[in-house]
Structure formats: structure tokens, C-alpha cells
Amino acid sequence: MPVYNEKDFIPKQAPGRFPATWEFQTQAPSNIAIIKYWGKKGMQLPMNASLSFLLPQSLTTTKASARLSDKISDKVKFTFLFDGKENASFSKKIAVFFERIVHYVPYVKRYEWTFESENNFPHSAGIASSASGFAALSKILIRLERTLYPEADEILLYHKTSFLARLGSGSASRSVTGTVAVWGTHPGIPGSNDLYAIDYPFEIHREFRRMTDLILLLEKEKKEVSSTTGHGLIDKHPFKHPRIDQARNNLSRLSEALQQGDWDSFGQITENEALTLHAMMMTSNPYFILMQPETLRWIRLIWDFRNKTGIPVYFTLDAGANLHLIYPDVYEQKILSGLDELTQAEKIINRIRL
Ligand code: DP6
């Protein structure tokens, strides 16, 4: 598998012909990181390698309509509608995205764009909607590139999709790959690199073939501190270097566990990463807490249940208060009846198939 560099993603010549109008609709899933990306360097490059699973049922759908423009402007002209309405904060993020990527997709300036986007999950639910959102946008742009450059190399375009998505939101780089993605250079993962995410290259044990990610919606308020702000605090964080070492070791150990079918070790690393992510928040300057009392109450319930039954159900957290429960599908009935509050709780279920 070739590893591309940044220059490979710059088109070498102008396309022969531009269609006068162009339309395309696509979907992209969100993802949940098991090894967390927290801290960046340079232009959206990760401080450490991360590994995630796609959440195939938590989707952004985006439709793009492009009209060839008479004038080429420096800025990309677009209207972005979310749930049918203009949304100033999303539009601002997309404008920044276009500024960062235009060098690699200069043809987008030839068009005036309308994007209509929606999620099938509440966008404040703590599911990474920016991941699926930027992944969908990047898939659209690469589809246009494929139309404009029919000879383009498919593998290069596949990686370029992730490269572009990364420039929108780091975690989005992991939403355009196969089910298990690795983003960031890691010595034990061939092909891994900071510019784009790749498919996890080793065979995963059948123990992990059918698992569920159940998101418990404990809080639907917008979070007080954005991920981008949190990442920004890592540069001067006293635990920056230990964290880099820990993430590297955790990914090595996780990779072993995935190949060997070791749920205990998988679960221990998963929870360690989730709690470390929040510990990094609580120890940055300024410090902050995104967990809520309900988050901790549920963590205790899950631990008690696991200790009593031996059933492999583990949690992870994003940058928010909502818990993701991860378990092999076969235990679902036992988990639902043992943790009976779960039946009533507001939740989103994703079936992960490896
Ligand atoms: C805690 O990808 O949202 O979810 O690159 O600034 O957009 P930006 O940050 P973002 O950070 C995600 C952080 C995380 C962990 C993870 O998904 O790896």
C-alpha cells in the first residue's frame, strides 16, 4: 500500500472540461475512537495515532448542487443548509475547511455550490457530527474530482478523501474508510501516517465480528468546551509527553487484543483511553469537566454489572457526557435485563460488523 505525501494530492493539471451543472448526494457515518485523538500539531496533524470504529447507523446525508460560475473567485462560493435552514456556525466552519483545502481541489472554485445536509441523529447528542459531516463533504468533492479526472488513481482518491476530511475535522479522517480506521503514524501499523486515515491492516479475531455500540443519551445540551478548544490546551499540558507514550502503547496493546480476540484487554484499554481523555481535560489549564453526575453513576452501574456477571460490557466517552457501551451482540438481552434502566433510557444503537 503506497503512502502518499501532501504533494501527491495536488492535481497536476487543469481538467479538460467542466460540466455546467453537477449534482451528487452521499452519506457518511460517524465514528467512535477507542484510542483517542486529543492534541494536534501543525495543520490538523494528530499528536498521537488513534483507532476508531465506524458507527454505520449514525449518518450524515449531504446533497450537493454545483453550477459553473462565469467568474473564478479566490473564495469558494457556497450556501450550506442544515435541516433545510442556513446555519451560521456550520457555514463558518465550512468556509475555513474550503480555505484549507482549496489548494488540493482548485476546481471547486469554478462552481457555485449549494449543500443540503441532515443527520439521522440529534446533532447535539455528542455523536461526532463534524466527523460524518466533513466526511460527506469530502466524498462529494472527490466524486467531482473523479468526474473531472477520469484517469485518476482510485487508491490515491480514496486516501485523498480522508486527507481532505482531516482538514475539516481530525476525527472526520476516520469516517471515510472501512469499519476500523487508524489515523496517525504508529510503528506497529504499516501504512499509518498523520496525513490521512487508513483501514486497519490486520485481520481481526472473530470474537469481535459482531458488536454493538449503544450510546446512552445522558445530556443533549451543547457542550461547554469544543473539542477544538480542548486540543489547543494540550500543547502546554504537563502530561503531554506521557500521554503520547501511553497512546502509543495502548494502540500496540489494542492491536494485539483485536487480533487475538481478547475482550478483557480490549475493554480495559477502551476504558483507560476514555478516562484518560477526560483526565487530560480535568488537568489542562484552564481545566474543565465534560462528564455529568449521570455519566459517573452509569460508569458505576456498568462496573458493578460486569463484576457480578462477568459479561464483557465496557464504556467509552467522546468529548462529552454521553456514554458509549460496547459489547458483543450475543450478550445484549442479558445486558438489557440486568441493567434494566437501559430499556427506558434514551439511546442510539449502532451495529459494528467486522
Ligand atoms: C475526543 O476531530 O472533533 O472525539 O480536529 O478540532 O475538529 P478537530 O477535533 P475533533 O476531535 C475529536 C476528539 C475526540 C477523540 C477522537 O475522536 O479521536
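Start by selecting tyrosine 104: with 10% relative accessibility, this residue counts as buried, since the cut-off for buried is under 20%. Keep in mind as you click around that this is a predicted model.

**Stop 1**

Zoom out to see where the partners come from. Tyrosine 104 belongs to the loop between helix H1 (88-101) and strand S7 (111-119), while phenylalanine 163 is in helix H3; they are 59 residues apart, so the pair links distant parts of the chain.

**Stop 2: two neighbours in the sequence**

Next, pick phenylalanine 97 and phenylalanine 98. Is phenylalanine 97 buried or exposed? Its relative accessibility is 0%, so phenylalanine 97 counts as buried. Phenylalanine 98 gets the label buried too, at 3%. Their ring centres are 5.7 Å apart and the planes meet at 45°, so this pair is tilted.

Now widen the selection to Phe18, Trp22, Phe24, Phe78, Phe97, Phe98, Tyr111, Trp113, Phe115 and Phe134, which ring pairs link into a cluster. The count of aromatic pairs comes to 23.

**Stop 3: H1 against H3**

Phe97, Arg100 and Ile101 on the H1 side meet Leu164, Leu167 and Gly168 on the H3 side. Sorted by class, this contact has 4 nonpolar, 1 polar and 1 charged residues. The two axes come within 8 Å and cross at roughly 130°, and H1 and H3 are therefore oblique to each other. The crossing is right-handed.

**Stop 4: H2 against H3**

Leave H3 (residues 154-168) on screen and bring in H2 (residues 129-148). At what angle do the axes of H2 and H3 cross? Roughly 140°, with the axes coming within 8 Å. That makes H2 oblique to H3, as angles have to be over 145 to count as roughly antiparallel. Here, too, the crossing is right-handed.

To see who makes the contact, colour these residues:

- From H2: Phe134, Ala135, Ser138, Lys139, Leu141, Ile142, Glu145 and Arg146.
- From H3: Glu154, Leu157, Lys160, Thr161, Leu164, Ala165 and Gly168.

Colour by class and the contact of H2 with H3 splits into 7 nonpolar, 3 polar and 5 charged residues.

**Stop 5**

Glutamine 44 is not a glycine, yet its phi is positive, at about 60°. With a relative accessible area of 5%, glutamine 44 is buried.

Then jump to aspartate 83, in the loop between strand S5 (77-82) and strand S6 (85-86). This residue is also something other than glycine with a positive phi, near 50°. Aspartate 83 is partly exposed, at 46% relative accessibility.

Finish at asparagine 285 and proline 286. What kind of peptide bond joins asparagine 285 and proline 286? A cis one, with omega about 0°. You'll find proline 286 in the loop between helix H6 (263-282) and helix H7 (293-309).

Key. Residues are numbered from 1 along each chain as its sequence is written. This is a predicted model: local features need pLDDT of at least 70, side-chain atom pairs count only at pLDDT 80 or more; totals for chains, interfaces and linings use all residues. Side-chain values use heavy atoms; hydrogens and water are left out. Axes are lines fitted to C-alpha atoms, for helices over the stretch in contact, and angles run from 0 to 180 degrees between N-to-C directions. Helices (H or I, at least four residues) and strands (E, at least two) are DSSP runs, numbered from the N terminus. Angles under 35 degrees count as roughly parallel, over 145 as roughly antiparallel, 65 to 115 as roughly perpendicular and the rest as oblique. A crossing is left-handed if the near helix is turned anticlockwise from the far one by less than a right angle, and right-handed if clockwise. Contact means heavy atoms within 4.5 Å. Ala, Val, Leu, Ile, Met, Phe, Trp, Tyr, Cys and Pro count as nonpolar, Asp, Glu, Lys and Arg as charged, and the others, Gly among them, as polar. Rings of Phe, Tyr and Trp (its six-membered ring) pair if their centres lie within 6.5 Å; planes under 30 degrees apart count as stacked, over 60 as edge-to-face and the rest as tilted. Buried means under 20% relative accessible area, exposed over 50%, partly exposed in between (1.4 Å probe, protein chains only).
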